[in-house]
Amino acid sequence: MNIDILLGLQWGDEGKGKIVDAICPDYDIIARFQGGPNAGHSLEFNNKKHVLHLIPSGIFHENKLNLIGNGVVIDPSVFKTEIEELGPSTDELIKRLVISTRANLILPTHRILDSAYECQKGMTKIGSTLKGIGPAYTDKASRNGMRAGDILRNDFMEKYNSLKERHLSILKNYDMKSDPSKYEAAWFEGIELMKKFRIVNTEYLINELSLKGKKVLAEGAQGTLLDIDFGSYPYVTSSNTISAGACTGLGISPKRIGEIFGIFKAYCTRVGTGPFPTELINTTGDTLREIGHEFGSTTGRPRRCGWLDLPALKYSIMVNGVTRLFMTKADVLSGFKTVKVCTSYKVDGKECIEIPYMIDAIIEPVYTELEGWNENISGIRNYQGLPVSLKRFIDFIEKETRVPVTRVSVGADREETIIR
Ligand code: GDP
Ligand code: IMO
Ligand code: MG
């Protein structure tokens, strides 16, 4: 049971990157299991911020193996930019990173298709990051995709051209400029760079290392409420973001899973379209965005902000089997006289604790109001030192969810974390 999972319990951007980086010293292998460059995982240390899209968040630690699993979709051009901007030399990164032969590739035409599908949706668009995620997973499921292992084969160009042509013929039905050539040079440069890395059957590697006692941390992307099955469909991403996704996205048995760490912000944010029961479209929401710097790490879009939603959090805890909760951004709530927590919903006038299946249901949050805290808490490093009203806020969450909150993040830096 030496494989732990860390994942987001809300709509993404809970602070996964920061926490993975902070707990990395406890692990030997950090493995991304789903999603692709739609993710933006921020890490801060030595007064510098780094944003990772495809590369696991253990990459800055020496002697750790980072693994891009079969469940991830890789855009080689994003891969290249990211490798070049990371800091450590490519030779050093080659030692630290390994890629699954089975990870599907995002082609330049997948990105164009993503835009075409979004444009066609008009008012009902998803608010995709337009990184080609949906079309790449569509090709995977329809058995047309290309995989990382293909780049080492002689028929690679044949496969590429055939899939590209297939996409171009679909695009003829859309009113969309479809010239992939402007993306292709960078894409093929990315392919050449990927060839320098180890592209192996990572399901063997991860199982062998884990059986030898190496500790694995599976790093999720996005959040539970964006899961293709359990999120607010169709306003979701195209992969399983939940703990089960770590098994299919890495090739590991559920029997090998130990802890399931669920990360949540002390409030909620969402980028893109879709239901958000506790959203604050008012000055309180603006204040949360401003103090929390709530702008997308991948697209720069302003994040929608709202109060903590407990029915949604409990749902996420349930579908993931969360064993420990990590709360981030408690510092952002400092200065509010009171803070609200949604404890149930009124759906079409009736009290309800379940997230409705229908996304067009009219959900009215029912709030409990708790006393706020005023102190700047970013310098606090032990739990006892936190303001009494913040500890009451945490007690309230634990009582409601029945899961212990064992880490509290009080700032963006690696060091700004309290272990309880
Ligand atoms: P991820 O996608 O879950 O890794 O989260 P993002 O990196 O997209 O967004 C989280 C943002 O909050 C980043 O800018 C982090 O640097 C920042 N952050 C993480 N934890 C904390 C915290 O406890 N307090 C504050 N103020 N910022 C945090
Ligand atoms: P991390 O890993 C927040 C959202 C998009 C959009 C929907 C579908 O940083 O938490 P897609 O590009 O997958 O077609 O977009 O999902 N989305 C995210 N929101 N954080 C993310 O990743 C996200 N990845 C996708 O905004 O609403
Ligand atoms: Mg993010």
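Author: A pocket is an open set of grid points with protein on both sides within 12 Å along at least five of seven lines. One more thing before we start: this is a predicted model.

Reader: Okay. Which pocket does ligand 1 take up?

Author: The second largest pocket is the space taken by ligand 1.

Reader: And what takes up the largest pocket?

Author: Ligand 2 does.

Reader: Back to ligand 1. Which residues come nearest?

Author: There are 21 residues around ligand 1. Lys16, Ser42, Ser297, Asp331 and Ser409 come nearest.

Reader: What does Ser297 do there, in distance terms?

Author: A polar atom in the Ser297 side chain lies 2.8 Å from an oxygen atom of ligand 1.

Reader: How much of ligand 1 does the protein bury?

Author: The protein buries 94% of the 580 Å² that ligand 1 exposes when taken alone.

Reader: Which elements give two or more residues to that shell?

Author: Helix 1 (16–23) and strand 3 (41–45).

Reader: How does the shell split by class?

Author: Around ligand 1 there are three nonpolar, nine polar and nine charged residues.

Reader: Now ligand 2. How many residues surround it, and which are closest?

Author: 20 residues surround ligand 2. The closest are Lys16, His41, Thr129, Gln222 and Thr237.

Reader: How does that shell split by class?

Author: The shell around ligand 2 has seven nonpolar, ten polar and three charged residues.

Reader: What about contacts to its oxygen atoms?

Author: A polar backbone atom of Asp13 is 2.8 Å from an oxygen atom of ligand 2. In Asn38, an N or O atom of the side chain is 3.0 Å from a ligand 2 oxygen atom. A backbone N or O atom of Val271 lies 3.1 Å from an oxygen atom of ligand 2.

Reader: New topic. How many salt bridges are there?

Author: The count comes to 23 salt bridges.

Reader: Which residue pairs with Glu84?

Author: Lys80 does. Their closest N and O atoms are 3.1 Å apart.

Reader: Why can side chains pair like that?

Author: Side chains of opposite charge can pair when their charged atoms come close.

Reader: Where do Glu84 and Lys80 lie?

Author: Both lie in helix 2 (residues 76–85). Glu84 and Lys80 are four residues apart, about one turn of the helix.

Technical notes: Residues are numbered from 1 along each chain as its sequence is written. Chains are lettered from A and ligands numbered from 1 in the order in which they are written. This is a predicted model: local features need pLDDT of at least 70, side-chain atom pairs count only at pLDDT 80 or more; totals for chains, interfaces and linings use all residues. Side-chain values use heavy atoms; hydrogens and water are left out. A residue is near a molecule or strand if one of its heavy atoms lies within 4 Å of it. A polar contact is a pair of N or O atoms within 3.5 Å; within protein, one must be able to donate a hydrogen and the other to accept it, and residues adjacent in sequence count only if both atoms are side-chain atoms. On a 1 Å grid over the protein atoms alone, a cavity is a set of points where a 1.4 Å probe fits but cannot get out, and a pocket is an open set with protein on both sides within 12 Å along at least five of seven lines; lining residues have an atom within 4 Å of a point. A molecule sits in a cavity or pocket if more than half of its atoms lie within 2 Å of its grid points. Ala, Val, Leu, Ile, Met, Phe, Trp, Tyr, Cys and Pro count as nonpolar, Asp, Glu, Lys and Arg as charged, and the others, Gly among them, as polar. Accessible areas come from the Shrake-Rupley method with a 1.4 Å probe; for residues, only the protein chains shown count as cover. A salt bridge is a side-chain nitrogen of Lys or Arg within 4 Å of a carboxyl oxygen of Asp or Glu.
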